[in-house]
Amino acid sequence: MREAGRIAAEARRLAGQLVKPGVVTSQIDKRVREFIVAQSGIPAFLNYRGYPASICVSVNEEVIHGIPSGRKLIDGDIVSIDVGVIKDGYIGDCAATFIAVGASQAANRLIEVTRACFYEGLKFAKVGYRVSDISRAIQTHAEVNGYSVVRDFVGHGVGAAMHEPPEVPNYVERPRKRADPRLVSGMTLAVEPMVNAGTYEVRVQDDGWTVVTMDGKPSAHYENTILITDGEPEILTVCEVP
């Protein structure tokens with residue numbers, strides 16, 4: 001999983017470097033797919049439950065699962081890139097949000113807070129805490145900064161399959177519907193805050209994949225695959241984005 005995570009993280013960094021005005025999102029998908037294959041990896045998203053591309057490229061009000069297309073990025077676009085890689089039967093999963101130059105102060109702040117939400121949750125990714133401790137830290141940091149966290153989609157366990165138990169919400173459920181296990185050494189989780197500038201409510205577009213905010217306000221996404229250890233958690237998607 002460390003090797004799968006390394007490839008995924010480097011692919012995420014490459015994708016971020018390609019986010020520029022005038023670039024077509026399908027070109028980013030093609031370059032990242034070529035990179036993953038050159039690293040002897042397999043794009044984990046391609047054909048997963050019928051998904052038609054190797055990465056997700058979600059722009060502005062698109063939260064997650066945006067399908068790469070002929071869309072040209074323009075100055076100031078907020079672009080979330082989600083990458084998954086299979087290597088020797090195991091998966092690395094990560095995401096980050098980038099800006100196609102000329103970002104507003106508000107856009108930069110949304111992205112910074114979303115990334116910080118992940119690291120607030122990471123503080124509780126330790127043996128003895130519960131999944132809900134991670135969730136609470138993420139939700140609290142987002143909300144004290146004036147944002148909301150998506151509730152219809154959550155983080156998850158990851159390993160030999162893309163989505164494994166337990167689910168890792170970015171908010172504390174009331175009443176609780178999901179399992180809330182204590183964390184034990186050896187668990188591998190994809191922790192992924194999805195933070196909206198406005199309402200947490202989202203909808204799925206007619207393509208059956210692209211998730212957008214209900215109010216049309218922008219969203220940001222940040223994700224790493226982590227390992228619970230006997231000490232501090234280890235980030236397996238270790239190549240930091242720019």
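Two aromatic rings, of Phe, Tyr or Trp, are taken here as a pair if their centres lie within 6.5 Å, and in this predicted model such ring pairs link Phe118, Tyr119 and Tyr222 into a cluster.

View 1. The search of the whole structure finds five aromatic pairs, and one of them joins Tyr119 to Tyr222 in a tilted arrangement, with 6.3 Å from centre to centre and 35 degrees between the planes. This pair links distant parts of the chain, since Tyr119 belongs to helix H3 (residues 105–122) whereas Tyr222 lies in the loop between strand E13 (219–221) and strand E14 (224–227), 103 residues apart. Tyr119 counts as partly exposed because its relative accessibility is 25%, while Tyr222, at 3% relative accessibility, counts as buried.

**View 2. The edge-to-face pair of Phe124 and Tyr129.** The ring centres of Phe124 and Tyr129 are 5.3 Å apart and their planes stand at 85 degrees, so the pair is edge-to-face; the cut-off for that class is over 60 degrees. Phe124 is partly exposed, with a relative accessible area of 28%, and Tyr129 is likewise partly exposed, with a relative accessible area of 33%.

**View 3. Helix H2 and its buried side.** Helix H2, residues 25–38, has 14 residues and reaches 20 Å from its first C-alpha to its last, close to the 20 Å expected at 1.5 Å a residue. The buried residues of H2 are Thr25, Ile28, Asp29, Val32 and Ile36, and they lie on the same side of H2 because they cover an arc of only 100 degrees around the axis. An α-helix has 3.6 residues a turn, so residues three or four places apart point the same way. What covers the buried residues of H2 includes helix H1 (2–18), together with strand E1 (42–43), strand E2 (55–59) and strand E4 (78–87). H2 is followed by Ser40, whose phi is positive, near 65 degrees.

**View 4. Cys56 and Cys94, without a disulfide.** A search of the whole structure finds zero disulfides; Cys56 is in none, and the cysteine sulfur nearest to it, that of Cys94, is 12 Å away, whereas a disulfide would need the sulfur atoms within 2.5 Å. Cys56 counts as buried at 5% relative accessibility, and Cys94 is also buried, with a relative accessible area of 0%.

Notes:
Residues numbered from 1 in each chain as written. Predicted model: local features only at pLDDT ≥ 70, side-chain atom pairs only at ≥ 80, totals over all residues. Heavy atoms only, no water. Helix = DSSP H or I, 4+ residues; strand = E, 2+ residues; numbered from the N terminus. Expected span 1.5 Å × (residues − 1). Buried < 20%, exposed > 50% of the residue type's maximum accessible area, 1.4 Å probe, protein only. Arc of directions from axis to C-beta. Contact = heavy atoms within 4.5 Å. Phe/Tyr/Trp six-rings, centres within 6.5 Å; stacked < 30°, edge-to-face > 60°.
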